[in-house]
Amino acid sequence: MPEPINSLLSLAGRVVIVTAGATVAVTDILKTPGKEFISCQAESPGRLSYYSCDVTNQALLAQAFEAKFRDLKRVDGIITAAGICIDKPFLKHTWEDVQRQQAVNETGTFFAVQHAVRYMKEHGIKGSVVMICSQTAQHVSPGHQLTGYAGSKGFVLSFARNLAHELAPDGIRVNTISPGYIATTMNLSIAARRPGLNRIFNEAPPMSRVGTPDDLKGAALYLLGDGSSYVTGLDLVVDGGMGVSSGNFKSSL
Ligand SMILES: NC(=O)c1ccc[n+]([C@@H]2O[C@H](COP(=O)([O-])OP(=O)(O)OC[C@H]3O[C@@H](n4cnc5c(N)ncnc54)[C@H](O)[C@@H]3O)[C@@H](O)[C@H]2O)c1
């Protein structure tokens, strides 16, 4: 009997860990969760839990995952989204800039995934790992100056592909989502310093608008759920067409 199409995109009964919503455990460096978390928790009582943790701190990361495993008693998926973005000319990058960005975007991602995958393997779970990568891993983001950040996302892309290959025999799937320009605190705070960026966010994508966090929901559901049961090693690009445009957008900055 074929599976009903609705269940292919459903995460009913699944338990997912999100670093930065099934039953979802969210990790972020903030001591208390942000307003989006609070409103989601109010909409889905008992389904969302929060664990404050700096993903660059080895001991705290391990403790946060131990607490999640103890509380959730099952993990079917993880989305790594915690990240920082340093936007400045190449020659202005300091040693500390590069190390901090690598610590969060590379090391934090790597070991968050390692904790989740170890649990999945120990419990025989054919889980799904989804890492938030970026269009910058594939091509330049017009208007931005992201040499260090792009390098860190290049790490995520090749890490994910190699891990997909290694974990395929276990039935654990590993994929990335590469957003284009999304209107979040990260981008809006950069644009607050360089107002010309807002025009680029809205005009550079062939779809002529900046993306929103809602634009990423379908991609995350697809990769976490059974609808993608034969998909691993994919970079799912959600960018309003940026990847197929000429890349010759003239910045007014
Ligand atoms: N906004 C975009 O246009 C865009 C595009 C491509 C990729 N991304 C990626 O999407 C992901 C989410 O970014 P966003 O746009 O929502 O930005 P955001 O700044 O709103 O979210 C990033 C989150 O990571 C958390 N964080 C930072 N350092 C941390 C640490 N050491 N430990 C734990 N949490 C930490 C922050 O507190 C924040 O909540 C990032 O990986 C980012 O690189 C964003």
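**Reading the model**

Tutor: Let us begin with Lys73, which is exposed because 10 other C-beta atoms lie within 10 Å. A residue is buried if 20 or more other C-beta atoms lie within 10 Å of its own, exposed if 12 or fewer, and partly exposed in between, with C-beta atoms placed from the backbone. This is a predicted model, in which local features need pLDDT of at least 70, side-chain atom pairs count only at pLDDT 80 or more, and totals for chains, interfaces and linings use all residues. Residues are numbered from 1 along each chain as its sequence is written.

Student: Why does Ser208 count as exposed, and why does Phe155 count as partly exposed?

Tutor: Ser208 is exposed because it has 10 other C-beta atoms within 10 Å. Phe155, whose place is in helix α5, has 18 C-beta neighbours inside 10 Å and therefore counts as partly exposed.

Student: How is the length of a helix judged, and what is the reach of α4?

Tutor: The expected span of a helix is 1.5 Å times one less than its number of residues. Helix α4 (residues 95-122) has 28 residues and reaches 38 Å from its first C-alpha to its last, close to the 40 Å expected. For α5, with 21 residues, the reach is 30 Å, close to the 30 Å expected.

Student: Where does α4 bend?

Tutor: The bend at a residue is the angle between axes fitted to the seven residues ending there and the seven starting there. In α4 it is about 35° at Ala103. Just after α4, Gly124 takes a positive phi of about 60°.

Student: Which elements cover the buried residues of α4?

Tutor: Two residues are in contact if their C-beta atoms, placed from the backbone, lie within 7 Å. The buried residues of α4 include Gln101, Gly108 and Met120; their cover includes β1 (15-19), α3 (58-72), β4 (77-80), β5 (128-132) and α5 (147-167). The buried residues of α5 pack against α4, β5 and β6 (173-179).

Student: Which residues of the largest nonpolar core touch the most other members?

Tutor: In soluble globular proteins, nonpolar side chains tend to be buried together. A nonpolar core is a set of buried Ala, Val, Leu, Ile, Met, Phe, Trp, Tyr and Cys residues joined through C-beta atoms within 7 Å. Here the largest has 50 residues, of which Val16, Ile78, Ala116 and Val129 touch the most other members. Apart from it lies another core of nine residues, among them Tyr181 and Phe201.

Student: Which residues come nearest to the ligand?

Tutor: A residue is near a molecule if its C-beta atom, placed from the backbone, lies within 6 Å of it. Of the 23 residues around the ligand, Ala82, Gly83, Ser134, Thr184 and Met186 come nearest. The elements that give two or more residues to this shell are α4 and α6 (185-193), and α6 gives the most, with three residues.

Note on methods. Helices (H or I, at least four residues) and strands (E, at least two) are DSSP runs, numbered from the N terminus.
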